[in-house]
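Subject: Structure for you to look through

Hello,

I am passing on the structure we spoke about. Please look through it first; my notes follow below.

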Amino acid sequence: MADYLLGLDAGNTVIKAVIFDLEGNEIAAAAQEGHSRVPRPGHVERGLEELWTHARAVIRQCVERAGIRAEEIVAIGCAGHGNGLYALDQGGEPLLGIQSLDTRAAGLVEEWKAQGVGDRTYAIGRQRPWPSQTPTLLAWLKRFQPETYARIGTVFLCKDFIVNRLTGKRVSDVSDMTGCGLLNVVNRRYDRDLMAAFDLGEATGLLPDLAESADVVGTVTPEAAAQTGLAAGTPVVGGLFDVVASAIGSGVTRTGAASIIAGTWSINQVIIDGPDLSGPVFMSSTFDRGRYMAIESSATSAANLEWLVREFFADSGIDDGRSPFDVCCSLASDIEPAANDPIYHPFLYGAQQDGNARAGFYGVAGWHTKGHLVRAVLEGVAFGHRQHIATMRAAGATFDEAVLSGGGSRSLIWPQIFADVLGVPVSVARSRETGALGAAIAAGTGAGIFADFSEGAAAMVRTERHYRPNAAIARHYTRRYELYRDIADAMAPIWRRLSNAEAEVSEAAA
């Protein structure tokens with residue numbers, strides 16, 4: 001009987017199930033896209049019942065497509081998007097799902113910034129408050145929706161809810177909980193002073209038990225087995241913050257290695273031996289029992305291309321078998337880069353540095369085509385990554401190459417743009433499902449198949465493509481990056497006015 005590992009990857013938009021053999025080959029996969037609700041401007045939510053319905057459906061489809069016996073799956077790992085807020089009520093039933101694209105708490109963040117709250121939280125959790133951070137959202141609910149806050153029994157993250165439905169356990173892992181700013185980063189435990197800094201001193205009891213990512217936290221219950229087609233009793237590990245899972249699943253496991261993820265979020269991360277660099281970064285997450293991941297991120301990456309495809313290309317009447325995504329990338333590749341090309345800001349869901357920021361095209365002229373606009377989006381996303389990497393380098397992070405994963409890595413043109421914009425060689429892993437693969441490696445580690453993540457990655461990860469930066473085009477992108485930054489600085493007061501107008505509309509609707 002062969003052994004297989006099941007990796008689940010629950011993002012903001014899609015949940016995936018992938019079965020791998022122990023060499024990293026994808027035996028079968030299934031995915032389903034969810035639906036976000038926007039009940040008010042800045043509020044981005046999802047139904048938890050729908051999330052579980054989709055999770056159990058893709059698991060069942062994956063097992064059926066694999067053509068294996070469910071008992072041949074030796075362990076299950078789940079990765080999920082970090083932050084946001086997934087809450088159960090006091091009876092353990094689904095209550096509320098807020099995605100990490102939500103910006104409702106931008107005003108609270110500005111208020112806390114003026115009060116110096118970030119200095120207190122950063123000293124303990126290595127994060128300052130930001131709009132879709134889990135404790136910030138919890139504090140927002142406490143202040144503005146106290147009736148909902150009073151019903152909360154458990155504060156989860158996305159993948160924890162799925163683990164809960166599979167096992168019945170009320171548990172999270174340390175990578176996700178450090179990534180959302182709820183742990184003391186040094187001792188990797190909950191901290192009453194940290195909770196008090198968020199004005200959540202009474203909420204410690206709402207937090208789930210803690211486990212290491214590769215710890216077996218429970219087994220598939222008979223009820224979940226009946227719903228998913230899995231075998232009851234199959235071990236389930238604590239799982240991973242999806243950015244950490246994607247790093248592992250793309251082979252980034254050594255200290256000093258860099259992982260860039262062009263997914264819904266712009267993720268830029270480097271493995272370090274301790275919890276700190278020489279300067280501050282956006283967040284630190286645990287990587288394994290002794291190391292950390294320094295992370296700079298924001299919701300400014302491939303979600304912008306998804307939006308462009310959905311709104312302007314999905315119904316374009318393509319009849320040559322290509323996907324709208326491929327059509328967009330082809331249009332962009334036909335454009336010869338020029339100094340007067342349009343600039344795009346990828347701020348559909350705000351910016352890390354400014355929750356009021358908005359997306360926009362600048363410098364569009366009558367001779368520009370669809371291809372110019374698509375290329376502007378691809379470049380603008382890469383510029384956003386470059387800004388985060390500049391922050392990391394200023395804090396002392398050093399690396400001379402990076403592995404690109406996420407939806408953006410599937411393009412044949414975008415990785416080259418990343419290499420040229422960032423000025424470092426970029427490689428792409430063979431597996432397109434690096435989050436699910438990282439979760440599967442964690443499962444294999446928990447099952448005792450691998451000694452650690454590095455051994456698992458060595459066994460299961462392969463590199464597919466390499467891209468080297470072109471020096472001439474890199475100089476062109478440096479000039480355009482400076483223009484990108486200058487326009488953002490000039491637009492900041494306009495964005496604030498737009499945000500204030502949205503807040504007035506939201507208050508009137510309430």
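Helix α14 is followed by Gly423, which has a positive phi near 75 degrees. Helices and strands are DSSP runs numbered from the N terminus (helices H or I, at least four residues; strands E, at least two). The model is a predicted one, in which local features need pLDDT of at least 70 and side-chain atom pairs count only at pLDDT 80 or more, while totals for chains, interfaces and linings use all residues. Residues are numbered from 1 along each chain as its sequence is written, and side-chain values use heavy atoms, with hydrogens and water left out.

Helix α14 itself covers residues 414–422, and eight of its nine residues are buried, so this helix is largely enclosed by the rest of the structure. Here buried means under 20% relative accessible area, exposed means over 50%, and partly exposed is in between (1.4 Å probe, protein chains only). The buried residues of α14 are Trp414, Pro415, Ile417, Phe418, Ala419, Asp420, Val421 and Leu422.

A positive phi also turns up after another helix. α3 (residues 117–125) is followed by Arg126, with a positive phi near 60 degrees. Within α3, the buried residues include Val117, Gly118, Thr121, Tyr122, Ile124 and Gly125. Among the elements that cover the buried residues of α3 are α2 (106–115) and α8 (192–197).

Most residues other than glycine have a negative phi. Arg188, in the loop between α7 (174–179) and α8, has a positive phi near 60 degrees and is not a glycine. Arg188 is buried, at 10% relative accessible area. Asp199 sits in the loop between α8 and β9 (209–211), and its phi is positive too, about 60 degrees, although it is not a glycine. Asp199 counts as partly exposed, at 48% relative accessibility.

Next, helix packing. α2 and α4 (residues 134–144) pack at an angle of about 100 degrees with their axes 10 Å apart. Axes are lines fitted to C-alpha atoms, for helices over the stretch in contact, and angles run from 0 to 180 degrees between N-to-C directions. α2 and α4 are therefore roughly perpendicular to each other (65 to 115 degrees; under 35 is roughly parallel, over 145 roughly antiparallel, and the rest oblique). On the α2 side, Leu108, Val109, Glu111 and Trp112 meet Thr136, Ala139, Trp140 and Arg143 of α4. Contact means heavy atoms within 4.5 Å. The residues of this contact of α2 with α4 divide into five nonpolar, one polar and two charged. In these classes, Ala, Val, Leu, Ile, Met, Phe, Trp, Tyr, Cys and Pro are nonpolar, Asp, Glu, Lys and Arg are charged, and the others, Gly among them, are polar.

Gln145 is in the loop between α4 and α5 (146–151). Gln145 counts as buried at 19% relative accessibility. Apart from neighbours within four places in sequence, Gln145 is in contact with Arg104 and Trp140.

α12 (residues 324–333) and α13 (residues 370–394) also pack at an angle of about 100 degrees, with their axes 8 Å apart. The contact is made by Cys328, Leu331, Ala332 and Ser333 of α12 with Lys370, Gly371, Val374, Arg375 and Leu378 of α13. By class, the contact of α12 with α13 has five nonpolar, two polar and two charged residues.

Val243 belongs to helix α10 (residues 242–249) and is buried, at 4% relative accessible area. Neighbours within four places in sequence aside, Val243 is in contact with Ile261, Ile267, Gln269 and Ile295.

Last, the cavities. There are five cavities of 30 Å³ or more. On a 1 Å grid over the protein atoms alone, a cavity is a set of points where a 1.4 Å probe fits but cannot get out, and lining residues have an atom within 4 Å of a point. Grid points are joined across faces, edges and corners, and a volume is the space filled by probe spheres set on the points. The largest cavity has a volume of about 150 Å³. Its lining has 17 residues, of which Trp130, Pro131, Ser132, Tyr349 and Ala351 lie nearest its centre. The lining of the largest cavity divides into eight nonpolar, eight polar and one charged.

Regards

Conventions
On a 1 Å grid over the protein atoms alone, a cavity is a set of points where a 1.4 Å probe fits but cannot get out, and a pocket is an open set with protein on both sides within 12 Å along at least five of seven lines; lining residues have an atom within 4 Å of a point.
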